[in-house]
Amino acid sequence: MEVTGRDTGNIPRQPVVIDEIAGVALPSALSSLRNFYSSGAASNFRVYLDETCHPNWRTDWAGPQGRVPRNDQLWWPSKYAAQGFIPHMLENSPFVTSDWREANASVVVLLVLHLSGAVAIRQQQCLKQLQQRSPSFRHDGGRRHFFIFTNDRGPCCIDGRYKDVDFMRHHIMTHGEQTGWRGETLHQYTAQLGVGPQLPCHDEAKDITIPTPNVHFPRVAFAPSLLPAGRQGHRPGSNRSKGAGERSLLLFFAGSHPASACRKALLAGLSHSPSPRVLVRESLPADQYLEAMQTARYCPVCGGYAPWTPRVSELLHYECVPIFLSEYTLPPLPRVLDWRVISAQLHYSRVRELERFADGLDYPTLLAGVKKARRAMQYHLSGYSGRGMLPLLLHQMHERVSGPPPRPLALALHDDVDLDHNYSGSTPSGQPKRTGVVHSTYAIGGLNGTRWTCSTPKGPRLCSCKPQATQGTDDRFPRTTTGVSKPGHSRWSHGS
């Protein structure tokens, strides 16, 4: 993997990516982007990398992060790599500053996928370390700090319940969802752990939905192999995509998880389709999966185990037009890209109409949109060039910190996370240790003052939350969520 020094030259007035996404960017966003980079605002915008939680990240980010035998070690250099890619790209750009007093925004550097457990606890522990040890964070209470969460649910547990409400005061880069995820999901943990507090895990008014890196681009040293040795055809990571005339499949999907009602409906409705133009399976070998993406015109997208998924990025990379089957999906950079000209949307309850629906779409127009939008999904690691997602991310960061500070919907009251305890580690056999139980208590003023106590019994992602006795309402908290669309009303929806 190539690592280059920071470019200290002048910041280009117009990054290349702005022209590349013209036609698929929202008009207001395109105008704002051009103004940000031409007016001098970008030239004066500086980002500080707050290393309080991970001071040795430079020796960790480029290596295989899995230190125990688990699947995450294979996916660190691709699916989960934004935690390392973004700080690396910033440090090799002219926007970084080593003096937090000069910074307009700060990015928290925290790589947690190398832990053998306790990912969610480590995030909460990092927040406490920042509150006590970071001069930059303590200066303004972290109002301009951005966390990068590439674990399954960001500040929430795996099933969507919000555990660490102090993160509502700060900005989060993750792959967001509109409110209502639990309403779609047939999650196996719901019966075991109960219904959690009704707090959204993501608020696009303060947070940023970023593209997920994928195993196809950029190719890095530790990414898993895509094709068996000696396999003929497209080389792994190739940017070459087949033209419309070479795409014999109309629809392609592979994937299954018992938590997703959408995937269940898709597999039940189309996995046994007699049509030669439809390929829907629970799984495919890697080489067949790659080939199918390159020979299909449309690829349905469902919500899966969690929002953090490389599915959309890899589809755009191989120019397969996404058809979103969930109204809760929030695609990458929704405040920049006009997903109505990049994708289509049909609710999964109408999955048996999918083939006819796809036949009625304007494929040439959508394919042209995909070809443009794929540029915005890319992580360029070899120095700042004005390409890929970084110029768009910087603009979105500027917009968030220029607005009013986040107003939390809940107040953290207590937690027993130790500031320096190692909640991870492994046994002599290399298996993850079980972590101690961690508790947190918070109050929701907008829901009749309800207090919740949450515990994380196993460490990585599971948690349970129980309501306490009702308290009086607190006017410090808004009663409604701002910046989150109502369930079933996606603002980029085709209305189909």
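Let me start with a question: are Cys262 and Cys302 buried or exposed? Both Cys262 and Cys302 are buried, where buried means under 20% relative accessible area, exposed means over 50%, and partly exposed is in between, with a 1.4 Å probe and protein chains only.

Before I go on, the ground rules. This is a predicted model, in which local features need pLDDT of at least 70 and side-chain atom pairs count only at pLDDT 80 or more, while totals for chains, interfaces and linings use all residues. Residues are numbered from 1 along each chain as its sequence is written, and side-chain values use heavy atoms, with hydrogens and water left out.

Now the disulfides. A disulfide here is a pair of cysteine sulfur atoms within 2.5 Å, and by this rule there are three disulfides.

Cys262 and Cys302 form one of them, with an S to S distance of 2.1 Å. The torsion about the S-S bond is -65°, and this link is left-handed. Cys262 lies in helix 10 (residues 261-270) and Cys302 in the loop between strand 9 (296-301) and helix 12 (311-317), so the pair ties together parts that are 40 residues apart in sequence.

Next, Cys53 and Cys126, whose sulfur atoms are 2.0 Å apart in a disulfide. The torsion about their S-S bond is about 90°, so the disulfide is right-handed. Cys53 is in the loop between strand 1 (47-50) and helix 3 (57-60), and Cys126 is in helix 6 (residues 119-133), so parts 73 residues apart in sequence are tied together. Cys53 and Cys126 are both buried.

On to charged pairs. A salt bridge is a side-chain nitrogen of Lys or Arg within 4 Å of a carboxyl oxygen of Asp or Glu, and the structure holds 19 salt bridges.

Where do Lys206 and Asp207 lie, buried or exposed? Both are buried, and they form a salt bridge whose closest N and O atoms are 2.7 Å apart.

Arg356 pairs with Glu353, with the closest N and O atoms 3.6 Å apart. Arg356 is exposed because its relative accessible area is 61%, whereas Glu353, at 28%, is partly exposed. Arg169 and Asp166 meet at 3.7 Å, N to O. Arg169 has 33% relative accessibility and so counts as partly exposed, and Asp166 is partly exposed at 22%. There is also a network of salt bridges linking Glu51, Arg58 and Glu91.

Last, the histidine. His170 is in the loop between strand 4 (145-148) and strand 5 (171-174). With a relative accessible area of 2%, His170 is buried. Not counting residues up to four places away in sequence, the residues His170 touches (heavy atoms within 4.5 Å) include Lys206 and Asp207, along with Phe137, Arg143, His145 and Pro406.

That is the tour; questions are welcome.

Note on methods:
Helices (H or I, at least four residues) and strands (E, at least two) are DSSP runs, numbered from the N terminus.
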